[in-house]
Amino acid sequence: MSPVSPAARILGAGGWIGLVLFLVWQEFFVETPGPWPTPWWFRVPVTLALGLVVLIFALECLMQEMTVRRWATSLLVFSVFGLAFLAAGIFKPELLNLSRWVIIPLGAFYLAAAASIAVGARDSL
């Protein structure tokens, strides 16, 4: 294992845990105008289930059980979220009900995590 791998594992786990927190924030604490698109009895279990899946990915990152496919999944998800956070922070921060100065660093973190994950994926080949 290379010396870069522990950093990649920690950034990967932090990124997945951050997505769980973002999912909970968006689902339960952001008010939308008008009625919810789905009823609470559907929204709550689905959010919890998706949060558990993401949390399992975070635990796998820390326990060194990442396969190349899981590294690639992390790379794709972190790249998409990094670019989406940067775009939302620059063009429309009120979309996420967060400050521009929170969203843009989140985007930078996820792009840095994606770069670190790419190194981890290359090292695990």
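Colleague: Which helix gives the largest share of the nonpolar patch?

Modeller: H2 does, with five residues. Helices here are DSSP runs of H or I with at least four residues, strands are runs of E with at least two, and both are numbered from the N terminus. This is a predicted model, where local features need pLDDT of at least 70 and side-chain atom pairs count only at pLDDT 80 or more, while totals for chains, interfaces and linings use all residues. Residues are numbered from 1 along each chain as its sequence is written, and side-chain values use heavy atoms, with hydrogens and water left out.

Colleague: Which residues make the nonpolar surface patch?

Modeller: Ile-10, Ile-17, Leu-21, Leu-52, Leu-55, Ile-56, Leu-59, Leu-62 and Met-63, covering about 840 Å². Helix H1 (5-29) and helix H2 (40-62) are the elements that give two or more residues to the patch. Patch residues have over 30% relative accessible area and no salt bridge; like charges are joined within 9 Å, and nonpolar side chains (Val, Leu, Ile, Met, Phe, Trp, Tyr) within 5 Å. A salt bridge is a side-chain nitrogen of Lys or Arg within 4 Å of a carboxyl oxygen of Asp or Glu. Areas come from the Shrake-Rupley method with a 1.4 Å probe, and for residues only the protein chains shown count as cover.

Colleague: Take Ile-56. What is its relative accessible area?

Modeller: Ile-56, in helix H2, has 43% and is partly exposed. Buried means under 20%, exposed over 50%, and partly exposed in between (1.4 Å probe, protein chains only).

Colleague: Back up a bit. How many helices and strands are there in the protein?

Modeller: Four helices and zero strands, so the pattern along the sequence is simply α-α-α-α. Of the 125 residues, 31% count as buried. The accessible surface comes to about 7,600 Å², and 76% of that belongs to carbon and sulfur atoms.

Colleague: Now the inside. Which residues have the most contacts in the largest nonpolar core?

Modeller: Trp-16, Leu-19, Phe-78, Phe-85 and Leu-96, in a core of 21 residues. H1, H2, H3 and helix H4 (100-123) each supply at least two residues of the core. Such a core is a set of buried Ala, Val, Leu, Ile, Met, Phe, Trp, Tyr and Cys residues joined through side-chain atoms within 4.5 Å.

Colleague: And the rings? How many aromatic pairs are found in the whole structure?

Modeller: Eight. One of them is Phe-22 with Phe-81, edge-to-face, at 6.5 Å centre to centre and 80° between the planes. Phe-22 lies in helix H1 and Phe-81 in helix H3 (residues 68-91), so this pair ties together parts 59 residues apart in sequence. Rings of Phe, Tyr and Trp (its six-membered ring) pair if their centres lie within 6.5 Å; planes under 30 degrees apart are stacked, over 60 edge-to-face, and the rest tilted.

Colleague: Phe-22, buried or exposed?

Modeller: Phe-22 is buried, at 16% relative accessible area, whereas Phe-81 is partly exposed at 28%. Phe-22 also forms an edge-to-face pair with Phe-85, 5.0 Å centre to centre and 85° between the planes. That pair links H1 to H3 across 63 residues.

Colleague: What else does Phe-85 touch?

Modeller: Besides Phe-22, Phe-85 touches Leu-96, Ile-103, Leu-106, Gly-107 and Tyr-110, leaving out residues up to four places away in sequence. Contact means heavy atoms within 4.5 Å. Phe-85 is buried, with 4% relative accessible area. Ring pairs also put Phe-85 in a cluster with Trp-16, Phe-22, Phe-78, Phe-81, Phe-109 and Tyr-110.

Colleague: Moving to H4. What is Leu-111 in contact with?

Modeller: Ser-79, Gly-82, Leu-83 and Leu-86, leaving aside neighbours within four places in sequence. Leu-111 lies in helix H4 and is partly exposed at 30%. Leu-111 and Leu-75 are 36 residues apart in sequence and 9.0 Å apart in space, C-alpha to C-alpha.

Colleague: And Ser-116, what is that in contact with?

Modeller: Ala-7, Ala-8 and Leu-11, again leaving aside neighbours within four places in sequence. Ser-116 is also in helix H4, and is buried at 11%.

Colleague: Last one. Where does Asn-97 lie?

Modeller: In the loop between H3 and H4. Asn-97 counts as partly exposed, at 40% relative accessibility.
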